[in-house]
Amino acid sequence: MGCPTVLLLLLAFLTPGVAIRVPPAMKALSSLRWSTSFTTRHTVAKKYSIHYIQQKVDHFGFTADKTFKQRYLIADEHWKKNGGSILFYTGNEGDITWFCNNTGFMWDVADQLKAMLVFAEHRYYGESLPFGNKSFKDSRHLNFLTSEQALADFAVLIKHLKRTIPGAKNQPVIAIGGSYGGMLAAWFRMKYPHMVVGALAASAPIWHFGNLVPCGVFMEIVTKDFKRSGPNCSETIRSSWDAINRFARTGAGLRWLSEALDLCTALTNTEDVQRLKAWISETWINLAMVDYPYESDFLQPLPAWPIKVVCQYLKNPSVSDAQLLQNIFQALNVYYNYSGQASCLNISETTTSSLGTQGWSYQACTEMVMPFCTNGIDDMFEPHLWNLREFSDDCFKQWGVRPRPAWIITMYGGKNISSHTNIIFSNGELDPWSGGGVTKDITDTLVAITIPEGAHHLDLRARNAFDPTTVLLARSMEVRHMKQWIRDFYASLRKKH
């Protein structure tokens, strides 16, 4: 998201009939199993306090009074009670401490905006579990995992903060999020405009629903990223699928594949081969999301511009099948073994562990239904049609629920959002999620910022010496808008008094 890690149910369409696994989104979607190095880093780099609030499990019904503890973090080192602001991170599909430590932008601008930082954990993720360890037991317990309930949690929390923190009552709040969190930030401003003066929605694919954008756009951008990063790189990947299929026809071929790719578990049947191909696809997708200009460990420890490094091994699609797949192994190793720690490659893992894949799988099977497809011509993947019926059957098999693909558009307006104000939609052109994002201004207060050299919510990451000029410019524009929202808020407050 971000991620938008997460983010989404690509594997459901890549491996129909197999239990649904989710790549990061968005976050990731943004966003979506991440690097443990970040979970310990806050003791050194980030000072925040941890708090809990009792939230209703169901904000929209009147028969049940059950509550749960929602976790949130506060950092107020730069906060000023006089003329300050509150930057409110709309938590997405994972542990909130992880997002807190990966949203360096908020920490970087806290001083100039005199801001208190609040990071709110999304229900059903991290420690904010409505039914404790029974939260994922069945669809009855999961019934309250929706974006609407999460937004209501955020609204109740902001009200609570303004009531209980001296000096916070008459201060402007700005929603900030990346990937699915960016979608939530935008939707929060739309649904609760009296709670926040504006929103920064980074890498937020709010239009990746229904037929608002073509279902192939995501994979086409992934392919473009590889195409621009080395000669014949995307063509080599496109050739690899048939090479795998040819080896997979015999037992000896499966054994060779398992050894050549250094897999932790040997391939034994066609379902294993489907999983292998889905895992490799997800790896290329993740690389496109985190193609950052410096070393990072957002999903895995990686070099700067990791796709360029990967493409050094993928220069010739015309070599023998065996050589081609040995080259693919070298390329995969950049992602899975840059640190040199992996003894074998595990095809059930593509990222580390801070993301809530169970929760996101359920959300993707209910309201967060994002269509994906490939044709093998405009992209470097095997052809797969988007098949809602098949997807729905897989969801029913796993969760006992069926998706409502049109609901998000009904709820949040689809492309008909021009009545709203004060939302910044930022997208990196390298980020595959940008295909479902808002990339052109809609009005003078619903603005789009595009970052030509930006991957998944690069603008929300901490300042870095290797940041391209385009992301520095994007951040300065974002801050300029926020300062204007804050000025407008205080001007209208003075008029009232």
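Colleague: Leaving aside neighbours within four places in sequence, which residues is Ser128 in contact with?

Modeller: Contact means heavy atoms within 4.5 Å. By that criterion, and leaving aside neighbours within four places in sequence, Ser128 is in contact with Phe68, Lys69, Gln70, Arg71, Glu121, His122 and Arg123. Please note that this is a predicted model, in which local features need pLDDT of at least 70 and side-chain atom pairs count only at pLDDT 80 or more, while totals for chains, interfaces and linings use all residues. Residues are numbered from 1 along each chain as its sequence is written, and side-chain values use heavy atoms, with hydrogens and water left out.

Colleague: Where is Ser128 found, and how far apart are Ser128 and Lys69 in sequence and in space?

Modeller: Helices (H or I, at least four residues) and strands (E, at least two) are DSSP runs, numbered from the N terminus. Ser128 is found in the loop between strand 4 (115–120) and helix 6 (139–142). Ser128 and Lys69 lie 59 residues apart in sequence, and their C-alpha atoms are 5.9 Å apart in space.

Colleague: Is Ser128 buried or exposed, and with which side chain does its own side chain make a polar contact?

Modeller: Buried means under 20% relative accessible area, exposed over 50%, and partly exposed in between (1.4 Å probe, protein chains only). Ser128 has a relative accessible area of 0% and is therefore buried. A polar contact is a pair of N or O atoms within 3.5 Å; within protein, one must be able to donate a hydrogen and the other to accept it, and residues adjacent in sequence count only if both atoms are side-chain atoms. The side chain of Ser128 makes such a contact with that of Glu121, at 2.7 Å.

Colleague: How is Asp262 classed by accessibility?

Modeller: Asp262 is at 31% relative accessibility, so it counts as partly exposed. Asp262 has its place in the loop between helix 11 (251–260) and helix 12. Leaving aside neighbours within four places in sequence, Asp262 is in contact with Phe329, Ser343, Cys344 and Leu345.

Colleague: At what angle do helix 10 and helix 12 pack?

Modeller: Axes are lines fitted to C-alpha atoms, for helices over the stretch in contact, and angles run from 0 to 180 degrees between N-to-C directions. Angles under 35 degrees count as roughly parallel, over 145 as roughly antiparallel, 65 to 115 as roughly perpendicular and the rest as oblique. Helix 10 and helix 12 pack at about 165°, with their axes 11 Å apart. The contact is made by Ile237, Trp241, Ile244 and Asn245 of helix 10 and by Val273, Leu276, Lys277, Ile280, Ser281 and Trp284 of helix 12.

Colleague: How do the axes of helix 10 and helix 14 cross?

Modeller: The axes of helix 10 (residues 233–247) and helix 14 (residues 321–336) come within 9 Å and cross at roughly 120°. That angle is why helix 10 is oblique to helix 14. Among the residues making the contact are Thr236 and Ile237 of helix 10 and Leu324 and Ile328 of helix 14.
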